[in-house]
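Trainee: Please take me through this model element by element, with the cut-offs behind each term.

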Amino acid sequence: MLRNRSRRRVAIGCGGIALGVLLLAAGGLYLLQRAYDGGVRRIAGALPTEQGRPASGRGENWLLIGSDRRADLPSMGARADTIMVVHMSGRGDRVSVIGIPRDSWVPVPGHGTTKINAAFSYGGPRLLIRTVESLTSVRIDHYAALDFNGFVTMTDALGGVDVTVTRQTHDPKHDRTWKAGRQHLNGVAALDFVRQRWNLPAGDLDRMKRQQAFLHALSEKALNTRNPIKIDRFVRAASRSVTVDDSVSSGTLRGLAQRLLGTSLMEYLTAPVGKLGERGGQSVVLLDDDGLRSLFTAVRDDRVGDYVTRNGAANSVDAVR
């Protein structure tokens, strides 16, 4: 069962949303805004032109990505490692973070059917947003991205964070073994934790849940920190790691912070998966079309709570594989 107070304290952990929450949570919003807002990178033209886009629904939707490379500098080979649609209800009482597996096999406008994270490589944020909108029929209002390498300084600024692992696993790529139980992560360990996909039972799907669990822990630690020096270091590190679309103003961040702190429920979900498969020698994720339609219809109609009640679809971030 979701614990309302716990979910209320969870910032999304990346992009303008986390920054907005932290600005307000640290106190002295206007002073902090002047000090840090200028450090947030804005990318021009991230949002698609109006033609052919879905109509606005109820509430507000952000597309959040995480990447090992600068998310404002797309290039051939640069792909979005984490893709999340964040829906904030029109009533202001619920925030739903929906992970889309990066290996989802989907139509990318102008490029045929391929992995969804390739859209960023082909056309940057604009094409990725068009792809997500075509897949979900949900309009994206804002874009935000976090450079994963910023996790190191952000985590170390807070003195590390704690996560719980349910079973021991070894990551051969980073030569790191995670023992079952509570783990204290410094910055480098945190980066290894969110990158691992080898030896996880569900591969990239478990990797996505790890990322959600880490972002939960990072946000909890930030919101519970009262040391002004740690807060300053953390927010400066976050602002250096964040990119948003150029329609995100200081007022947008301020309004977002106020909305999130007033939220009574925050939850994590995964886009419904049909099965794992192979296309052209690549391992891919085949989404459940009916389930996807049902979920994002609920997003569009601002009735995600009804969807969760019917499907029991919320992910746990308290303990992961």
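Trainee: What percentage of the 321 residues in the protein is buried?

Mentor: This is a predicted model, in which local features need pLDDT of at least 70 and side-chain atom pairs count only at pLDDT 80 or more, while totals for chains, interfaces and linings use all residues. Residues are numbered from 1 along each chain as its sequence is written, and side-chain values use heavy atoms, with hydrogens and water left out. Taking buried as under 20% relative accessible area, exposed as over 50% and partly exposed as in between (1.4 Å probe, protein chains only), the buried share of the 321 residues is 54%.

Trainee: How many helices and strands are there in the protein?

Mentor: Both are DSSP runs numbered from the N terminus, helices being H or I over at least four residues and strands being E over at least two. Counted in that way, the protein has 11 helices and 15 strands.

Trainee: Which are the edge strands of the seven-stranded open sheet?

Mentor: Strands pair if DSSP finds at least two bridges between them, and the open sheet, whose pairing is mixed, has the order E1-E12-E7-E2-E3-E4-E13. An edge strand pairs on one side only, and this holds for E1 (41-43) and E13 (265-270). From one strand to the next, the twist averages 20°. The edge strands are thus named E1 and E13.

Trainee: Which residue in E12 is the bridge partner of leucine 146?

Mentor: Strand E7 (residues 142-147) and strand E12 (residues 242-245) run antiparallel and are joined by three bridges. Within E12, the partner of leucine 146 is valine 242.

Trainee: What angle does the direction of helix H8 make with that of E12?

Mentor: Helix H8 (residues 228-241) packs on the sheet, where it touches E1, E7 and E12. Axes are lines fitted to C-alpha atoms, for helices over the stretch in contact, and angles run from 0 to 180 degrees between N-to-C directions. By that convention, the direction of H8 makes with that of E12 an angle of about 55°.

Trainee: At roughly what angle do the axes of H6 and H7 cross?

Mentor: Two packed helices are described by the angle between their axes and the distance between the axes. The axes of helix H6 (residues 187-195) and H7 come within 7 Å, and the contact (heavy atoms within 4.5 Å) is made by Ala190, Phe193, Val194 and Arg195 of H6 and Arg207, Arg210, Gln211 and Phe214 of H7. The crossing angle of H6 and H7 is roughly 145°.

Trainee: What is the relative accessible area of aspartate 175?

Mentor: Most residues other than glycine have a negative phi. Aspartate 175, however, has a positive phi near 50° and lies in the loop between strand E9 (169-171) and strand E10 (176-178). Aspartate 175 counts as exposed, its relative accessible area being 63%.

Trainee: Where is asparagine 199 placed?

Mentor: Asparagine 199 is not a glycine, yet its phi is positive at about 70°. At 51% relative accessibility, asparagine 199 is exposed. Its place is in the loop between H6 and H7.
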